[in-house]
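Visitor: I am new to this structure. Please take me through it step by step.

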Amino acid sequence: TTELYRYYETLLSGEILAPIETDWTYRNFVALEQDDIASVTENQFFENILEDAPDKQLFDIEAKGGVPNQQEYRVESFSALAPKLIALGKSLGYPIQSVLLTGHMKVMSLMSGEAHAVSSVTVNGRPEQEGAEQSL
């Protein structure tokens, strides 16, 4: 992400970017994803992983009398906690994203009443092939 922002700022300033040498395009990633979607093996893999996943993890939002049954949860700003969270991540040897994801999973577990929460994160869209790490 930092590299992408740096490229964006470079272009905004009117400078020219050095070309990136890679034979990978996003089209390749989409094709690989479509192959996975059509794969019986891939589908079975994820069905097995999600077999015990709860159907609902958050509060019931079904409308009753036309009004959604929702509760509001307010979370105050994390600004004051940010230095402590960053320090926690550093002391554990994990990036701040992992610390925040752990907090997210704990909140999902507490709100659902389930011991195990299910979520997903896309870490990148790069195929495992030579030069793919050069793509943004």
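Guide: A word on terms comes first: helices, of at least four residues, and strands, of at least two, are DSSP runs numbered from the N terminus. The model shown is predicted.

Visitor: In what order do the elements of the chain run from the N terminus on?
Guide: The chain has five helices and two strands. Read from the N terminus on, their order is α-α-α-β-β-α-α.

Visitor: What percentage of the residues of the chain count as buried?
Guide: Buried means under 20% relative accessible area. The chain has 136 residues, and the part of them that counts as buried is 11%.

Visitor: Which element gives the most to the lining of the largest pocket?
Guide: The largest pocket holds about 410 Å³ of space. Helix H2 (26–38) and helix H3 (40–49) are the elements that give two or more residues to its lining. The one that gives the most, with four residues, is H2.

Visitor: How do the residues of that lining divide into nonpolar, polar and charged?
Guide: The largest pocket is lined by 13 residues, and those nearest its centre are Glu33, Phe46, Leu50, Ser120 and Thr122. By kind, the lining divides into five nonpolar, five polar and three charged.

Visitor: Is Leu50 buried, partly exposed or exposed?
Guide: Leu50 sits in the loop between H3 and strand E1 (63–64). Together with Phe45, Phe46, Ile49 and Val118, Leu50 makes a nonpolar surface patch of about 460 Å². Exposed means over 50% relative accessible area and buried means under 20%. Leu50 has a relative accessible area of 44%, so this residue is partly exposed.

Visitor: What distance separates the C-alpha atoms of Ser119 and Leu101?
Guide: Ser119 is in the segment after helix H5 (96–112). Ser119 counts as partly exposed because its relative accessibility is 38%. Along the chain Ser119 and Leu101 are 18 residues apart, and their C-alpha atoms are separated by 9.4 Å.

Terms used: Residues numbered from 1 in each chain as written. Predicted model: local features only at pLDDT ≥ 70, side-chain atom pairs only at ≥ 80, totals over all residues. Heavy atoms only, no water. 1 Å grid on protein atoms, 1.4 Å probe; cavity = no way out; pocket = protein on both sides within 12 Å on 5 of 7 lines; lining within 4 Å. Points joined across faces, edges and corners; volume = space filled by probe spheres on them. Nonpolar A, V, L, I, M, F, W, Y, C, P; charged D, E, K, R; others polar. Patch = residues over 30% accessible without salt bridge, like charges linked within 9 Å, V, L, I, M, F, W, Y side chains within 5 Å. Areas by Shrake-Rupley, 256 points an atom, 1.4 Å probe, with all protein chains shown as cover. Salt bridge = Lys/Arg side-chain N within 4 Å of Asp/Glu carboxyl O. Buried < 20%, exposed > 50% of the residue type's maximum accessible area, 1.4 Å probe, protein only.
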